[in-house]
Amino acid sequence: MKTQDFDYFLPKELIAQTPLKNRSKSRMLVLDKNTGDFKDGRFTDLINYINEGDTIVLNDTKVIPARLIGHKENTGAVIEVLMLKDLGDDEWECLTKPAKRIKEGTMVKFSDELSCKCTFVGEDGIRRYKFIYDGIFLEILDRLGEMPLPPYITEKLEDKSRYQTVYAKNLGSAAAPTAGLHFTKEYLNKLKEKGVNIAYVTLHVGLGTFRPVVVEDVTNHDMHSEYYILSSEVANLLNETRKRGNKIIAIGTTTTRVLETVADDDGYFKEQSGNTKIFIYPGYKFKGIDALLTNFHLPKSTLIMLVSALAGKENILKAYEHAVKEKYRFFSFGDCMFIK
């Protein structure tokens, strides 16, 4: 299976640079994973595809304003640090640009109240830093840090909250679980009023979101691990949903990765937390989810491979070709697809 098999043509102008004024006004392409049939719709149509007793599962991770711009001590060289994973005791795994300037022991200063010292040199721009600060760390980050928008978004985000879901709770992500950006509190309430169960898991999005697939053979790609939590309360709710014969609908690929990591061969769950490196591509047999709401993904990415595993590569590529023709908005701030 070749990485090139998951490529498609996308005009640059279809990459959404800014979020819509109203979160829930996005378009939605509905794809039947069994037949390959698809049709155009709106995100607000989602409620029509979810029945009373079904459970939708969302990722409640919260994005850290994790991009910091500082200067290398002594030389004054500009250094960009993107915080990816909290290792504890004020030490973080980070992506650094330009990484070649940073050796073990190098100090980077961001302001009079925040600096960091490199404690470990990894590959592909990865460095570990011990952060040194005066005050409350997260408050300082909120003042100095920028939202870590993907590189294909070149316009400045005026409102930081638009790169958070309305239900974001557990701080720790380097990127937003973007399928959830379409939801408003009002729409979640509508789903509850219909009798739909709302459940939350946590997966802190890390380097995997930023790392492209560079190998020719898909199976040789090395996924970066990401921390997840599935509570006993949610596990019980999902198991009850399964026993009733209702559906489990994942909101986003990050939620999918949690559920597929934890689900046993019969599609049942138990309380669990840890790090997952699960890599889902065609040939994978889904155990945890029945349907998926997701955004449109980058060509040759692990995420388009995941949705291809669920709906079939040919079905996905045909649906994407249609979305391009109909000028859907792509990627993080773009429109969505419901795979049923």
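**Overall shape and local detail**

Modeller: Bear in mind that this is a predicted model. With 340 residues, a compact globule would have a radius of gyration near 20 Å, and the protein agrees with that, having 20 Å. Along the principal axes, its C-alpha atoms fill a box of roughly 60 × 45 × 40 Å.

Colleague: How many helices and strands does the secondary structure come to?

Modeller: The protein has six helices and 17 strands. Among contacts between residues at least 6 apart in sequence, 70% join residues at least 24 apart.

Colleague: And what percentage of the residues is buried?

Modeller: Buried residues account for 55% of the 340, while the protein exposes about 15,700 Å², of which carbon and sulfur atoms supply 46%.

Colleague: Now helix H4, why is it described as largely enclosed?

Modeller: Nine of the 10 residues of H4, which covers residues 253-262, are buried, so the helix is largely enclosed by the rest of the structure. Among them are the run Thr253, Thr254, Thr255 and Thr256, and also Arg257 and Glu260.

Colleague: Changing topic, where is Ser115 placed?

Modeller: Ser115 lies in strand E9, residues 114-121.

Colleague: Buried or exposed?

Modeller: Ser115 counts as buried, because its relative accessibility is 14% and the cut-off for buried is under 20%.

Colleague: Which residues is Ser115 in contact with, leaving aside neighbours within four places in sequence?

Modeller: On that basis Ser115 is in contact with Met107, Val108, Lys109 and Phe110, and also with Lys130, Phe131 and Ile132.

Key:
Residues are numbered from 1 along each chain as its sequence is written. This is a predicted model: local features need pLDDT of at least 70, side-chain atom pairs count only at pLDDT 80 or more; totals for chains, interfaces and linings use all residues. Side-chain values use heavy atoms; hydrogens and water are left out. Buried means under 20% relative accessible area, exposed over 50%, partly exposed in between (1.4 Å probe, protein chains only). Helices (H or I, at least four residues) and strands (E, at least two) are DSSP runs, numbered from the N terminus. The radius of gyration is taken over C-alpha atoms; the globule rule is 2.2 Å times the number of residues to the power 0.38. Contact means heavy atoms within 4.5 Å. Accessible areas come from the Shrake-Rupley method with a 1.4 Å probe; for residues, only the protein chains shown count as cover.
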